[in-house]
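Hello,

Here is the structure I promised to pass on. Please open it first, then read the notes below.

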Amino acid sequence: MKRFGFFAAFGASALGLVTPALAQDRSATPNYGTVRLNPGFSNDPYIVNVNSGGTIEATGISGDCRGYISNAPDVRLNYGSGSGTLPLIIGAQSDYDTTLVINAPDGSWYCDDDRGAGVDPLIRFHQPMAGQYAIWVGTYGGSDNYEASLVITERESSLPDDEAVDTSGPQPMPNPGGGTYGSVSLSGGFSPDPYMVRVQSGGDYAASNFSSDCTGYIASNPDFQLNYRASSFPLYISADAMADTTLVVRAPNGRYYCDDDSGEGNNPRVWMETPMSGQYDIWVGTYGNSEMHAAELNISELYSE
């Protein structure tokens, strides 16, 4: 799943919000109607028959987006609040090469081309937000319209899925019991700042399982878990080590932020200008191999070189 946005920490591969060069009209009347679903919905998978494509190039939103889409969303999903234990998976199926563009409730844009089966697109929200999802089904390579099915599901098995770059083994997932090296609850303006914890970087899993923008090798469970109550401060998460380390941060809404060298030297740093409240799962990776190295994880609201 391609997640894109303002590239935090000096243009590195951290993933966040962006103001698209060409903003589609998420408020326009959707071409194929509005869907209202609550977590645990019984008619799963929920399927809407649509025609993919349009006259607008999705690259106007981001260079990571593909295909041609309409100005108005094809479908608007109003997704209710729930326990947060189920993922929200949105895919398209067609005899032709289709793409997906989704504008999430917080205004973030998500795009995909071929993460589903064959040339079908698929986007998974591990911890979906409640609210409005504006969904476009695009046609790759031209503005022709083709029959397609938009599939909305919470069941991992409802859509063929090769989202992980490496599908030979399980992907690292958040540990609800806390990180390997502990957890902490912090509120905006916390002291002392930075909060520091010693960890071992690295592991057996390729961080690219989360996104092609992620690098290094990480452990199966998060190294550390931050429960954060946001205020007006930005949030900086970084790691310091003698070895070349990387960072993977899973925000409360399920979005992954990754970085390699935006800190000092070969150290990573992820910066969120307007962080949300909730649980952050943090992995400290080792670049280039799965060896473990001593590292220091830093959590701060104060920018420093």
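**Disulfides**

C214 is buried, and C258 is buried too. These two cysteines form a disulfide, with their sulfur atoms 1.9 Å apart. The angle about the S-S bond is 55°, and the link of C214 and C258 is right-handed. The pair links distant parts of the chain. C214 sits in the loop between strand 15 (205–206) and strand 16 (217–218), while C258 belongs to strand 20 (residues 256–259). The two are 44 residues apart.

Please keep in mind that this is a predicted model.

The structure holds 2 disulfides. The other one joins C65 to C111, at an S to S distance of 2.0 Å. The torsion about the S-S bond of C65 and C111 is about 70°, so this disulfide is right-handed. Here again, distant parts of the chain are linked. C65 lies in the loop between strand 4 (56–57) and strand 5 (68–69). C111 is in strand 9 (residues 109–112), and the two cysteines are 46 residues apart. C65 and C111 are both buried. Counting bonded cysteines along the chain, the pattern is 1-2, 3-4.

**Overall picture**

The chain has 305 residues, and 53% of them count as buried. Its secondary structure comes to 1 helix and 23 strands. Take the contacts between residues at least 6 apart in sequence: 76% of them join residues at least 24 apart.

The mean pLDDT of the chain is 80. A value of 70 or more is reached by 81% of the residues. Confidence is highest in strand 6, with a mean of 96. Confidence is lowest in helix 1 (residues 8–11), with a mean of 26. Over residues 1–21 the pLDDT is below 50. Beyond near neighbours in sequence, that stretch has 77 contacts in the model. Residues 161–176 also have pLDDT under 50. For residues 161–176, the model has 38 contacts beyond four places in sequence.

**Cores**

Which residues have the most contacts inside the largest nonpolar core? They are L77, I90, F125 and Y133, in a core of 24 residues. Several strands each supply at least two residues of this core, including strand 2 (34–37), strand 3 (46–52), strand 6 (75–79) and strand 12 (146–153).

**Around F125**

F125 is worth a look in the viewer. Its relative accessible area is 3%, so F125 is buried, the cut-off being under 20%. Y133 has 0% relative accessibility and also counts as buried.

How are the rings of F125 and Y133 placed? A search of the whole structure finds 8 aromatic pairs. In the pair of F125 and Y133, the ring centres are 5.3 Å apart and the planes are at 65°, so the pair is edge-to-face. Together with Y79 and Y110, these two residues form one aromatic cluster.

What else does F125 touch? Leaving aside neighbours within four places in sequence, F125 is in contact with P87, L88, I90, I102, A104, Y110 and Y133.

**Strands around the core**

F125 is part of strand 10 (residues 122–125), which is covered on both faces. L122 and R124 are buried on one side. I123 and F125 are buried on the other. Strand 10 pairs with strand 7 (residues 88–93) in the antiparallel sense, over 4 bridges. In this pairing, G91 stands opposite L122.

Strand 11 is mostly covered, with 7 of its 9 residues buried. Strand 6 and strand 11 run antiparallel and are joined by 5 bridges. Strand 8 and strand 11 also run antiparallel, joined by 6 bridges. I135 is the bridge partner of V75. I135 is also the bridge partner of I102.

Best wishes

Conventions
Residues are numbered from 1 along each chain as its sequence is written. This is a predicted model: local features need pLDDT of at least 70, side-chain atom pairs count only at pLDDT 80 or more; totals for chains, interfaces and linings use all residues. Side-chain values use heavy atoms; hydrogens and water are left out. A disulfide is a pair of cysteine sulfur atoms within 2.5 Å. Buried means under 20% relative accessible area, exposed over 50%, partly exposed in between (1.4 Å probe, protein chains only). Rings of Phe, Tyr and Trp (its six-membered ring) pair if their centres lie within 6.5 Å; planes under 30 degrees apart count as stacked, over 60 as edge-to-face and the rest as tilted. Two strands pair if DSSP finds at least two bridges between them. A nonpolar core is a set of buried Ala, Val, Leu, Ile, Met, Phe, Trp, Tyr and Cys residues joined through side-chain atoms within 4.5 Å. Contact means heavy atoms within 4.5 Å. pLDDT is the predictor's confidence in each residue, from 0 to 100.
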